[in-house]
Amino acid sequence: MREDDGAIFLEFRRMQGFGGSAVHHRKDRRAVGQNLPSSITLADLDGASPMGKSMGSGDKDARWLRYANLKIEAAIFLLIVVTFAAVLGQSAITRQQLVLSPLTGQFVAYVYSDATSGGHSSISAEALKPLSWSCTIRDGVTYPYCGYGLRLNNGKQDEGLDFSHFKTITLRFSYRGPGDRLKLIVKAALPASLRGKAGGEDMPVGLEFPIVNGRNEVRLPLSQLAPEQWWVANHGFSPQEARPDLSNVLAIEIGASGGATTQDLKVSVDDITFEGAYLSTEQWYLIILGVWLVLTGAFLVHRFLRMRREYEARQHRQAQETRVLARARAAAEAASSAKSRFLGNMSHELRTPLNAIIGYSYWLSRGDLTPKQLEAVKTIQSSGEHLLAVITDVLDLAKIEAGKLALVPAAFDLRDCIDGVRQMFRLPVEEKDLDFDVSVARDLPHMIVADQKRVRQVLINLLGNAVKFTSTGQISLRVSLVSQTDDTARLRFAVEDTGFGIPADQLESIFSPFEQAGSAAECSGGTGLGLSITRQIIEMMQGDIYVESTPGQGSRFTVEAPFPIATPAQGALEAPARPLRRVAP
């Protein structure tokens with residue numbers, strides 16, 4: 001989330017995290033048989049050719065393959081045992097740190113003074129230097145004051161940040177003026193049961209601290225924050241009702257008050273740091289699930305690339321035999337059969353560990369979690385289910401090439417589908433510090449008839465590439481209506497990023513299997529299947545896909561396709577659509 005006039009940067013630093021490694025794969029496109037001698041006899045195939053040599057060691061290779069598979073299953077079993085031990089015997093201490101600084105703008109700054117209540121004090125903030133302000137406190141009211149505040153909820157009603165796990169706050173600032181004390185004020189949202197009694201106001205809890213002229217570094221315990229007594233007395237709250245609750249903090253203020261004489265002061269804040277540590281069993285479970293996802297993803301990539309290399313080696317040997325035997329058609333059919341067996345075996349072997357991941361996330365979602373933790377668990381579960389679906393991409397490609405891939409249309413809520421995709425990419429986008437904008441036109445039909453799995457697969461492939469190839473800037477998904485008749489709507493899905501871009505001579509080749517563009521492909525670790533499958537699915541939907549790109553500036557992929565509009569009877573058969581959830585910043 002980003003406000004145009006904000007001047008504060010929020011940074012969560014986790015003391016515990018995960019490492020990662022990139023896997024790069026380079027395809028060898030040398031011409032088959034380019035180093036073969038000019039003449040080869042059938043006798044050469046018995047001993048000199050690679051195929052002839054492999055025939056003598058077939059039994060040994062088969063035994064080794066069985067042993068290698070056994071090692072993989074044993075490693076998976078050991079990982080499951082270690083996971084259960086970690087769940088039953090250990091919780092993690094996770095340190096958190098929240099830093100507010102004037103480096104970038106994500107929050108809204110504001111100033112205030114007694115001028116709004118009839119006083120004569122004045123305050124001004126420096127436009128080019130956030131978190132810096134000057135104030136002149138003048139008498140004329142009983143309690144003259146001025147101050148500078150940071151709104152943490154981006155203008156959203158009653159929705160702030162959870163400070164309940166923070167223990168201390170450290171302020172680093174420069175001060176110039178006659179006073180010797182400032183006040184830290186934290187404004188927290190009241191529970192729904194008390195909002196009416198407070199007239200919709202937020203509860204201010206404050207703490208005064210001493211200062212000196214010049215550089216200051218003040219460390220304060222948040223446990224000493226106390227409600228402002230004038231506010232408690234005005235609203236008639238009991239001590240129990242006025243107990244500070246920092247689970248939903250909306251704003252932070254630094255204020256100063258004066259006496260009977262005019263005072264001029266100037267404050268420039270370097271940063272405000274909140275720190276804390278807490279013990280969380282639920283967060284430990286999330287870490288375990290994250291480790292499972294990372295290890296399973298690495299295993300899938302390694303397994304796929306190894307089997308792909310083995311497959312390409314078999315193809316190379318078959319091509320050599322085909323050249324010697326005048327490119328016999330029987331050899332080509334044997335290669336196609338080997339490909340089908342490879343795809344079937346890969347699908348069967350890779351689904352087993354992912355089922356454990358999905359089951360674990362489902363089990364955890366039924367526990368006693370906070371809404372934020374439950375949302376994170378559901379995101380992990382959704383991502384795991386998608387990762388399981390990725391395994392079928394290679395099978396989809398084979399089915400498409402064989403003409404056996406079929407669409408299964410059914411009525412579904414388009415906005416609900418788009419929101420699910422948005423939730424899946426929220427965390428990856430936040431990790432790369434990118435802006436992510438999803439815009440859905442108001443005039444879109446509520447229910448359409450299509451293969452929801454394939455529509456979702458197209459959006460995930462396009463957004464996944466955008467996140468992968470964008471290091472700074474923003475990513476957007478815009479869904480709009482091109483045209484509409486009584487029973488059909490033509491929709492446009494546009495995915496735009498500010499990534500590396502694609503050279504003009506590679507705009508068409510990126511839709512070919514196992515092809516990627518430019519040097520960006522060397523750092524992506526992808527397989528090059530996504531866009532090929534995406535285009536062929538869109539063509540099966542009678543749609544079109546276009547790409548526009550400028551190297552160094554970004555790319556835009558546009559998909560247009562017609563979709564039948566669901567009738568009321570078709571819509572009634574579907575489950576009620578869940579409401580869109582608003583994600584806390």
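## Disulfide

Cysteine 135 is buried, at a relative accessible area of 1%, where buried means under 20% relative accessible area, exposed over 50% and partly exposed in between (1.4 Å probe, protein chains only). Cysteine 146 is likewise buried, with a relative accessible area of 1%. A disulfide, defined as a pair of cysteine sulfur atoms within 2.5 Å, joins cysteine 135 to cysteine 146, with 1.7 Å from S to S. Cysteine 135 lies in strand E5 (residues 132-137) and cysteine 146 in strand E6 (residues 145-151), so the link ties together parts that are eleven residues apart in sequence. Strands (E, at least two residues) and helices (H or I, at least four) are DSSP runs, numbered from the N terminus.

The link of cysteine 135 and cysteine 146 is left-handed, with -120° about the S-S bond. One disulfide is found in a search of the whole structure. Cysteine 417 also counts as buried, at 3% relative accessibility.

## Model and confidence

This is a predicted model, in which local features need pLDDT of at least 70 and side-chain atom pairs count only at pLDDT 80 or more, while totals for chains, interfaces and linings use all residues. Residues are numbered from 1 along each chain as its sequence is written, and side-chain values use heavy atoms, with hydrogens and water left out.

The pLDDT, the predictor's confidence in each residue from 0 to 100, averages 77 over the chain, and 72% of the residues score at least 70. Over residues 1-56 the pLDDT stays under 50, and the model has 98 contacts beyond four places in sequence for them; contact means heavy atoms within 4.5 Å. Residues 575-585 also have pLDDT below 50, with 26 contacts beyond near neighbours in sequence. Where pLDDT is low, the predicted coordinates should not be read in detail.

## Threonine 170

Threonine 170 is placed in strand E7 (residues 168-176) and is buried, with a relative accessible area of 4%. Beyond its neighbours within four places in sequence, threonine 170 contacts Glu217, Val218, Arg219, Asp271, Ile272 and Thr273.

The side chains of threonine 170 and arginine 219 make a polar contact at 3.4 Å. A polar contact is a pair of N or O atoms within 3.5 Å; within protein, one must be able to donate a hydrogen and the other to accept it, and residues adjacent in sequence count only if both atoms are side-chain atoms.

## Helix H11

Helix H11 (residues 452-468) has 17 residues and reaches 24 Å from its first C-alpha to its last, close to the expected 24 Å. The expected span is 1.5 Å times one less than the number of residues. Twelve of the 17 residues of H11 are buried, including Arg454, Gln457, Asn461 and Asn465.
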